[in-house]
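Here are some notes for a colleague who is opening this structure for the first time. Please read them with the model in view.

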Amino acid sequence: MANESISAETESRSAETERLLLRRNRKNDLQDLFEYLSDEKVVEYEPYRPIWKDTYVYAKLSTDR
C-alpha cells in the first residue's frame with residue numbers, strides 16, 4: 001500500500017505554464033519518446049546515442065503488462 005500512495009503522489013506532481021507541461025513519462029508516451037530520441041540531430045550533444053527500434057520494441061513489451 002505504501003508504494004501505491006507514493007506512486008500516486010509522484011504521478012500527480014507536475015509543473016505547467018501556458019506553453020509547457022512537465023510531468024513524468026507515461027506508457028502512452030513511448031512512441032513519441034522513441035521518435036524524438038531516435039533522431040541523431042536531437043541527441044547529437046547528449047551523452048547517449050540514438051535509440052534503435054529494437055530498444056523501443058523491448059521497452060514497449062516490458063510496459064504492456
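**Notes on the model**

1. Arginine 23 has a relative accessible area of 31%, so this residue counts as partly exposed rather than buried, a term kept for values under 20%. Please keep in mind throughout that the model is predicted.

2. The side chain of arginine 23 meets that of aspartate 29 in a salt bridge, with 2.8 Å from N to O, and a search of the whole structure finds one salt bridge. Side chains of opposite charge can pair when their charged atoms come close.

3. Aspartate 29 lies in the loop between strand E2 (21-22) and helix H2 (30-37), and with a relative accessible area of 12% this aspartate is buried. Leaving aside its neighbours within four places in sequence, aspartate 29 is in contact with Arg23 and Arg24.

4. Valine 43 is found in the loop between H2 and helix H3 (53-63), where its relative accessible area of 3% makes it buried. Once its neighbours within four places in sequence are set aside, valine 43 is in contact with Leu37, Tyr48, Arg49 and Pro50.

5. As for confidence, the protein averages a pLDDT of 76, and 66% of the residues score at least 70. Among its elements, strand E1 (residues 15-16) has the highest mean pLDDT, at 93, while helix H1 (residues 2-12) has the lowest, at 51. Over residues 1-6 the pLDDT is below 50, and this stretch has zero contacts in the model beyond near neighbours in sequence. Where pLDDT is low, the predicted coordinates should not be read in detail.

Notes
Residues numbered from 1 in each chain as written. Predicted model: local features only at pLDDT ≥ 70, side-chain atom pairs only at ≥ 80, totals over all residues. Heavy atoms only, no water. Helix = DSSP H or I, 4+ residues; strand = E, 2+ residues; numbered from the N terminus. Contact = heavy atoms within 4.5 Å. Buried < 20%, exposed > 50% of the residue type's maximum accessible area, 1.4 Å probe, protein only. pLDDT = per-residue confidence, 0-100. Salt bridge = Lys/Arg side-chain N within 4 Å of Asp/Glu carboxyl O.
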